[in-house]
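Please look over the model below with this note at hand.

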Amino acid sequence: MEEELKINVFEFVKDSLPEGRTGDDGNGADDLRAWILDSWDKYAKIIISFDGIAKMSRVFVDEAFAKILEKYTLEEFNKKMYFPDAKEGTLKAMNSAIKLRMKIISAAKEREEI
């Protein structure tokens, strides 16, 4: 396993204001999440850089990052993912998206048990 993977969101999506779940050119939030998930077991940590990003939509944050919780636990997410240059607004958006995604996952599990 390699030590770390560094992903620059701006370089990936080619947009300082990324929004939406998918991209027309294969560089959308869903593609970013797929890259992270494909790399998960190959790296000890995944470092996400927001250099060049002015703001991300809640939908983008949910699709790219919070949906990772559909495959991995919050504890696993926190051990693997690092956001060293995230500004306060980005962290708030991330926390909000993660909380909402955890509620969605929990509700889905409850429906399955019925």
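1. Basis. This is a predicted model, in which local features need pLDDT of at least 70 and side-chain atom pairs count only at pLDDT 80 or more, while totals for chains, interfaces and linings use all residues. Residues are numbered from 1 along each chain as its sequence is written, and side-chain values use heavy atoms, with hydrogens and water left out.

2. The core. The largest nonpolar core has 32 residues. Such a core is a set of buried Ala, Val, Leu, Ile, Met, Phe, Trp, Tyr and Cys residues joined through side-chain atoms within 4.5 Å. Buried means under 20% relative accessible area, exposed means over 50%, and partly exposed lies in between (1.4 Å probe, protein chains only). Ile36, Ile48, Phe50, Phe65 and Met81 touch the most other members. Two or more residues come from each of β1 (2-8), α1 (9-13), α2 (29-39), β2 (43-49), α3 (58-64) and α5. Helices (H or I, at least four residues) and strands (E, at least two) are DSSP runs, numbered from the N terminus. In soluble globular proteins, nonpolar side chains tend to be buried together.

3. Met81. Contact means heavy atoms within 4.5 Å. Neighbours within four places in sequence aside, Met81 is in contact with Ile36, Trp40, Ile46, Ile48, Phe65 and Ile68.

4. Ile46. This residue sits in strand β2. Ile46 counts as buried because its relative accessibility is 0%. Residues up to four places away are not counted here: Ile46 touches Leu5, Ile7, Ile36, Ser39, Trp40, Lys80, Met81 and Tyr82. Ile46 and Ile36 are 10 residues apart along the chain, and their C-alpha atoms are separated by 7.7 Å.

5. Helix α2. Which residues of α2 are buried? They are Ala29, Leu32, Arg33, Ile36, Leu37 and Ser39. Seen down the axis of α2, these fall within an arc of 165 degrees, so they line one face of the helix. The arc is that of the directions from the helix axis to the C-beta atoms. The cover over the buried residues of α2 includes β1, α1, β2, α3 and β3 (81-82).

6. Arg33. Is Arg33 buried or exposed? Arg33 counts as buried, because its relative accessibility is 17%. It belongs to helix α2. Arg33 touches Glu63, Ala64, Lys67 and Ile68, not counting residues up to four places away in sequence.

7. Lys14. Find this residue in the loop between α1 and α2. Lys14 has a phi near 60 degrees, a positive value in a residue other than glycine. Most residues other than glycine have a negative phi, and most peptide bonds are trans. Lys14 is exposed, because its relative accessible area is 60%.

8. Ala44. Strand β2 also holds Ala44. At 33% relative accessibility, Ala44 counts as partly exposed. Its contacts, leaving aside neighbours within four places in sequence, are Met1, Glu2, Glu3, Lys79 and Lys80.

9. Glu70. The loop between α3 and α4 (74-80) contains Glu70. Glu70 touches Arg101 and Ile105, not counting residues up to four places away in sequence. Glu70 and Met102 are 32 residues apart in sequence and 8.4 Å apart in space, C-alpha to C-alpha.

10. The pocket. A pocket is an open set of points on a 1 Å grid over the protein atoms alone, where a 1.4 Å probe fits, with protein on both sides within 12 Å along at least five of seven lines; lining residues have an atom within 4 Å of a point. The largest pocket has a volume of about 160 Å³. Grid points are joined across faces, edges and corners, and a volume is the space filled by probe spheres set on the points. Among the lining residues are Phe50, Met56, Arg58, Asp85 and Thr90. Helix α5 (residues 88-113) gives the most to this lining, with three residues.
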